[in-house]
Amino acid sequence: MVAESDASRRPRRQYESPVRQERAERTRAHVIATAGRLFAEHGYAATSMRRIAAEAEVGLETVTQTGRKANLLLAAFRSGFAGDPDAVDITALIGGFPGGAEPGHTEPGSAGAGGGTDLVEAITTATARLADGLRDSLGIWRAFTVAAAADETVAAARAELAGLRRREITTWLEAPESAGMLPTRDATSRARLADMLGLLTSHDAYDHLVTVCGWPHDDFASWTSAAILDRLRSP
């Protein structure tokens with residue numbers, strides 16, 4: 001019997017090659033993008049993991065390693081909306097509260113309570129970026145909505161995403177209030193305002209006004225910006 005050497009008993013070091021890691025990240029992004037396109041074009045139910053693998057020109061194992069079908073749908077939505085398959089909130093798209101205000105900090109040149117030119121410009125810029133995100137992820141959002149009606153896992157993911165967004169918008173409002181840029185509200189009023197802003201900036205609002213009613217994309221962005229400013233300034 002050959003004795004086991006000390007070297008053979010040592011745990012092998014795991015070597016992470018930067019090149020290999022970069023290749024894996026590119027493959028993951030490609031699989032997610034392919035899945036998103038198929039979900040948007042053919043729907044969630046009609047898009048199988050094998051079809052995603054075939055369209056992405058990778059092995060089925062590569063697709064399953066990227067995530068379950070519901071996870072791919074969520075990652076594809078996040079990628080289309082915020083440009084990042086791992087994004088969990090709207091700040092990934094607009095970079096936090098417009099103007100970069102932090103609690104207790106007022107931007108130089110701001111108009112103080114109620115907001116002024118700086119706030120208007122910041123909201124206008126942020127809303128334009130948000131509208132682009134809604135447009136770019138509208139197809140996958142429709143697939144998401146249909147899938148949620150028939151798949152409990154997708155429904156749970158959609159509900160969790162909605163809850164996260166609601167809480168994030170509520171937190172988002174606290175910074176300009178603390179900085180004196182907006183009227184101070186109690187928790188209930190702030191939560192209600194967050195619900196209003198969530199509706200104004202939703203895929204449903206974009207789909208209705210742009211797709212159904214025929215509004216130009218830029219008109220939606222302008223109207224949404226004005227509506228948000230009106231609600232923010234109201235006590």
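Predicted model: local features only at pLDDT ≥ 70, side-chain atom pairs only at ≥ 80, totals over all residues.
Residues are numbered from 1 along each chain as its sequence is written, and side-chain values use heavy atoms, with hydrogens and water left out.

**The whole chain.** Colour the chain by pLDDT, the predictor's confidence in each residue from 0 to 100; the mean is 82, and 80% of the residues reach 70 or more. Then select residues 95-115, where pLDDT stays under 50 and for which the model has 40 contacts beyond four places in sequence, a contact being heavy atoms within 4.5 Å. In a cartoon view, the secondary structure comes to 12 helices and zero strands, taken as DSSP runs (helices H or I, at least four residues; strands E, at least two) numbered from the N terminus.

**The nonpolar cores.** A nonpolar core is a set of buried Ala, Val, Leu, Ile, Met, Phe, Trp, Tyr and Cys residues joined through side-chain atoms within 4.5 Å, where buried means under 20% relative accessible area, exposed over 50% and partly exposed in between, with a 1.4 Å probe and protein chains only. The largest such core has 37 residues, and Phe-39, Ile-52, Leu-72 and Phe-220 are among those with the most contacts inside it. Elements giving two or more residues to this core include α2 (18-42), α8 (138-150) and α12 (217-233), but α5 gives the most, with eight residues. Centre on Val-154, which, leaving aside its neighbours within four places in sequence, is in contact with Tyr-44, Ala-70, Leu-73, Phe-144, Ala-147 and Ala-148. A second, separate core of 16 residues includes Trp-172, Leu-173, Leu-197 and Ile-228.

**Arg-190.** Finally, select Arg-190 in helix α10 (residues 187-200). Is this arginine buried or exposed? Arg-190 has a relative accessible area of 13%, and therefore counts as buried. Beyond its neighbours within four places in sequence, Arg-190 is in contact with Thr-170, Leu-173, Glu-174, Glu-177 and Arg-185. The backbone oxygen of Arg-185 lies 2.8 Å from a polar atom of the Arg-190 side chain.

Methods. Polar contact = N/O pair within 3.5 Å; in protein donor to acceptor, adjacent residues only side chain to side chain.
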